[in-house]
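Here is a colleague's note to read alongside the sequence and the 3D view. Please keep both open while working through the numbered points.

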Amino acid sequence: MDDTRLAEGLHEHTAGFASAVEGADPDARVPTCPEWPLRVLTGHIGQAHRWAASIVRSGPSPVPDPFDADPGSPEDWSGWLREGATDLEDAVKAAGDTPVWTFFGPQPARFWLRRMLHDTTVHHADAALATGGKFTVGPDLAADAVSEWLELLCDPVTASLKPDFAELRGTGQTLQLTPEDGPGWLITRTGGGARWTRTTGPADVTLAGPVEDLLLVLTRRLPADRVTVTGDEALAGHWLAHTAA
């Protein structure tokens, strides 16, 4: 997926998030982020975009606390959020192909554009679930979000950042994610960690459904029964239980 589409998606879901929280109670709890009220969720989005932009421009800085973010008055949230997304896009464009810091070693600046796009997309879903708003994501963006999430989960560095992900190691168990259109994702749990390929094949358990639903189930925003689960349901449950974002 090229940078233009990543930036389009970032602006699309930032605007969608802003629309979902417009007029809502800032202190309303977010069911899928139960420790956060809407004000903190909103603050996290704008804060994260600006933090990523600062990394691209100046190098690493400590991960900010969402409770320290100040999104301002609710009537100003939309503009504040859009400014953060634009700031990140501008920083990535200016950096070009220059490697920048990431948790996984130096990578092109587009890493942060992609990471923030998919973080924003999932939190857009959180906001919509909290306020009763509508949520949809383009199939291309949803598919890329699934791939990016698996890349993060399967990178050896991730288990050092979040030890619970080490529980994804196994002895060859396989999980298949099968969207309605396009190739699926085959995950294999090995002693050295989980591995995945973009393919469709037999597996110990298969989760099948619209790619949007697969994304939201995989990121624990929807229950597993929103997709069709065939095979070892306990294996799917164990995976989901140890991959909380």
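Leaving aside its neighbours within four places in sequence, which residues is His-13 in contact with?

1. Please bear in mind throughout that this is a predicted model. Once the neighbours within four places in sequence are set aside, His-13 is in contact with Leu-117, Thr-120, Thr-121, His-124, Phe-135, Thr-136, Val-137 and Leu-141.

2. His-13 itself is found in helix H1, which covers residues 3-21. Its relative accessible area is 1%, and because buried means under 20%, His-13 counts as buried.

3. Two packed helices are described by the angle between their axes and the distance between the axes. For helix H2 (residues 38-58) and helix H3 (residues 77-95), the axes come within 8 Å and cross at roughly 20 degrees. Angles under 35 degrees count as roughly parallel, and H2 and H3 are therefore roughly parallel to each other. The crossing in which H2 passes H3 is left-handed, and the residues of this contact divide into 13 nonpolar, six polar and six charged.

4. Helix H7 (residues 211-218) deserves a separate look. Eight of its eight residues are buried, so H7 is largely enclosed by the rest of the structure. The buried residues include Glu-212 and Asp-213, along with Val-211, Leu-214 and Val-217.

5. As for what surrounds this helix, the buried residues of H7 pack against helix H4 (110-131), helix H5 (139-154) and helix H8 (233-241), as well as against strand S5 (173-179), strand S6 (185-190) and strand S8 (205-209). After H7 comes Arg-220, which has a positive phi, near 65 degrees.

Notes. Residues are numbered from 1 along each chain as its sequence is written. This is a predicted model: local features need pLDDT of at least 70, side-chain atom pairs count only at pLDDT 80 or more; totals for chains, interfaces and linings use all residues. Side-chain values use heavy atoms; hydrogens and water are left out. Axes are lines fitted to C-alpha atoms, for helices over the stretch in contact, and angles run from 0 to 180 degrees between N-to-C directions. Helices (H or I, at least four residues) and strands (E, at least two) are DSSP runs, numbered from the N terminus. Angles under 35 degrees count as roughly parallel, over 145 as roughly antiparallel, 65 to 115 as roughly perpendicular and the rest as oblique. A crossing is left-handed if the near helix is turned anticlockwise from the far one by less than a right angle, and right-handed if clockwise. Ala, Val, Leu, Ile, Met, Phe, Trp, Tyr, Cys and Pro count as nonpolar, Asp, Glu, Lys and Arg as charged, and the others, Gly among them, as polar. Buried means under 20% relative accessible area, exposed over 50%, partly exposed in between (1.4 Å probe, protein chains only). Contact means heavy atoms within 4.5 Å.
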